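Dear colleague,

I am passing on the structure we spoke about, and below it you will find notes on what came out of going through it. Please read them with the structure open beside you.

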Protein chains: 2
Amino acid sequence: MKTIGFIGLGVMGKSMAHNLLKAGYPLVVHTRTKIKATELLEEGAVWKETIAELAQEADVIITMVGYPQDVEDVYFRENGLLEHVKEGAYLIDMTTSPPSLAEKIYKEAKKKNVFALDAPVSGGDIGAKEGRLAIMVGGDEAAFQECKPIFEVLGTNIVFQGKAGAGQHAKMCNQIAIATNMIGVCEALAYAKQSGLDPWKVLESISQGAAGSWSLNNLAPRMLKGNFEPGFYVKHFIKDMKIALAEAEGMNLLLPGLSLAKQMYEELAAEGEENSGTQALYKRYEQI
Amino acid sequence: MKTIGFIGLGVMGKSMAHNLLKAGYPLVVHTRTKIKATELLEEGAVWKETIAELAQEADVIITMVGYPQDVEDVYFRENGLLEHVKEGAYLIDMTTSPPSLAEKIYKEAKKKNVFALDAPVSGGDIGAKEGRLAIMVGGDEAAFQECKPIFEVLGTNIVFQGKAGAGQHAKMCNQIAIATNMIGVCEALAYAKQSGLDPWKVLESISQGAAGSWSLNNLAPRMLKGNFEPGFYVKHFIKDMKIALAEAEGMNLLLPGLSLAKQMYEELAAEGEENSGTQALYKRYEQI
């Protein structure tokens with residue numbers, strides 16, 4: 001069985017690493033804050049003090065970090081992944097990061113006879129925990145096939161999207177659809193309240209029909225209960241929207257809905273909500 | 001069994017009237033274009049040459065016409081419904097029309113000891129045909145209970161939303177949620193195509209997760225196939241968005257997502273797409 005190196009043990013990464021261990025993969029781990037690895041080490045994962053040490057032992061390396069800058073750093077810095085990865089190994093970035101960065105990693109990896117895949121996920125903390133993520137993969141198809149058993153431990157909806165960067169592009173599509181819909185969900189609820197309706201009864205009427213969506217079914221109830229705890233952070237959503245808009249601009253594609261969503265979320269973050277869940281967008285309508 | 005008068009036999013109205021006939025209700029019908037009633041008359045409905053004649057015979061009168069102006073006309077014009085409706089009868093407007101108009105009808109009806117309900121629907125031509133509409137009802141609860149058996153012939157998700165106008169307000173919430181989401185669906189697909197992805201594979205990745213919605217599942221495939229046939233007309237959607245925005249303005253509620261959607265749909269209509277289905281919004285992104 002391949003030895004897997006896992007870098008980045010946040011809410012998502014920790015659950016994913018746990019599932020790989022449970023599936024029997026030898027696991028070496030590294031993360032900036034060692035304490036986050038405690039449980040995994042108790043379960044049998046092996047700590048590596050540096051990325052270099054981890055890279056020297058792993059056949060497959062998965063990164064699940066925070067921001068594009070973190071990905072850039074882990075792969076390209078001195079003593080980073082690309083400097084120390086073994087020939088013939090697989091590098092899988094599952095962070096949501098720019099398609100252009102995925103292409104850059106792919107090209108650098110290729111020079112060293114290393115296979116790189118971009119494989120961002122959707123499904124949140126619960127999907128990660130239950131091994132039910134959607135995984136969107138870009139890179140060489142042979143490399144994808146080789147790593148598929150690993151993806152199958154982590155997710156249930158695994159789709160090869162095309163060449164390097166295609167996984168990240170597909171994830172952008174996901175975020176674009178979510179972003180604009182979130183505005184609609186908030187506005188429907190705000191209208192319901194303002195017009196004196198019982199918003200719960202409105203949900204009863206509209207959530208199973210043409211207005212229905214995952215966000216309406218799952219996040220509207222949280223909005224109404226005043227639960228703005230993060231499933232998915234506002235700050236991470238803004239990061240994703242920025243990537244998508246920058247990419248769209250580069251393709252001469254105007255996305256007015258996404259632009260509006262990004263603007264509204266940035267205003268929300270400026271009001272101190274960057275660590276709230278994305279459903280906190282509703283607060284902007286409550287204030288009016 | 002109550003005799004039902006049905007006014008307005010468009011795509012929706014015809015199916016609904018048919019289901020009432022099938023359920024055994026004596027049915028008298030009237031519509032501007034008599035030919036639209038042909039099938040129903042063959043099935044046993046009785047034609048009434050004027051609204052006045054229809055009103056004199058019906059215990060319950062359902063209106064399912066086009067625009068607010070049509071509703072206004074049918075109810076308030078000389079020889080209209082409110083002039084000729086029987087005392088103790090029920091007037092049910094199932095057209096999507098302004099909440100303020102529903103209140104006006106309710107008040108006028110009350111003066112004549114007539115019960116008025118606003119009961120707009122969601123579920124489209126297929127929902128109407130299959131008797132599976134969502135019906136959102138406003139008015140007096142006793143009147144709602146009295147008419148409930150009729151609603152149960154027409155729909156499966158029947159919710160009493162509150163006082164006169166509340167049904168129309170709930171329908172506005174439905175349209176608001178749909179409008180902004182449609183932008184997100186189009187933008188996700190446009191981004192997929194422009195970035196060189198296979199948009200069908202993208203749908204495979206994103207449609208069952210947090211980006212999922214009725215529109216993504218049902219209308220995105222039509223967009224990709226170039227099928228812009230109307231399930232729901234652009235021109236009717238614009239009418240609904242205008243009502244919702246006017247109501248929101250009256251409540252001092254800012255709805256930037258809905259405003260954007262209305263603007264984009266108006267531009268689309270100006271390009272000659274007013275008789276296309278709402279999924280034709282995608283064409284605006286293809287042109288770029």
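In helix H4 of chain B, which covers residues 68–76, the buried residues include B:Pro68, B:Asp70, B:Val71, B:Val74 and B:Tyr75. When one looks down the axis of H4(B), these buried residues fall within an arc of 160°, so they line one face of the helix. Please keep in mind throughout that this is a predicted model.

Together with helix H1 (residues 11–22) of chain B, E1(B) and E2(B) make a right-handed β-α-β unit. E1(B) also pairs with strand E4 (residues 60–63) of chain B, again in the parallel sense and over four bridges, and here B:Phe6 stands opposite B:Ile62 in E4(B).

Strand E8 (residues 133–138) of chain A pairs with strand E9 of chain A in the parallel sense over six bridges, and A:Ile135 has A:Ile158 in E9(A) as its bridge partner.

A:Gly131 sits in the loop between helix H7 (124–129) and E8 of chain A, and with a relative accessible area of 10% A:Gly131 counts as buried. If its neighbours within four places in sequence are left aside, A:Gly131 is in contact with A:Asn19, A:Val153, A:Leu154, A:Gly155 and A:Thr156. By contrast, A:Gln208, which is 77 residues from A:Gly131 along the chain, has its C-alpha atom 27 Å from that of A:Gly131.

Helix H6 of chain A (residues 99–111) can be checked by its length. At 1.5 Å a residue, its 13 residues should span 18 Å, and the C-alpha atoms at its ends are 19 Å apart, which agrees. The buried residues of H6(A) are A:Pro99, A:Leu101, A:Ala102, A:Ile105, A:Tyr106 and A:Ala109. Because they cover an arc of only 155° around the axis, they lie on the same side of H6(A), whereas A:Lys107 and A:Lys111 are exposed on the other side of H6(A). Just after H6(A), A:Asn113 takes a positive phi of about 55°.

Finally, how are the two chains related? Chain A can be laid on chain B with an RMSD of 0.0 Å by a turn of 180° and a shift of 0.0 Å along the axis. The two copies are thus related as by a two-fold rotation axis. The same surface serves both copies, in that 100% of the contact residues of chain A recur in chain B.

Definitions and conventions
Residues numbered from 1 in each chain as written. Chains lettered and ligands numbered in written order. Predicted model: local features only at pLDDT ≥ 70, side-chain atom pairs only at ≥ 80, totals over all residues. Heavy atoms only, no water. Least-squares fit on C-alpha atoms with pLDDT ≥ 70 in both. Contact = heavy atoms within 4.5 Å. Helix = DSSP H or I, 4+ residues; strand = E, 2+ residues; numbered from the N terminus. Expected span 1.5 Å × (residues − 1). Buried < 20%, exposed > 50% of the residue type's maximum accessible area, 1.4 Å probe, protein only. Arc of directions from axis to C-beta. Pairing = 2+ DSSP bridges. Right-handed = clockwise from strand over helix to strand, strands pointing away.
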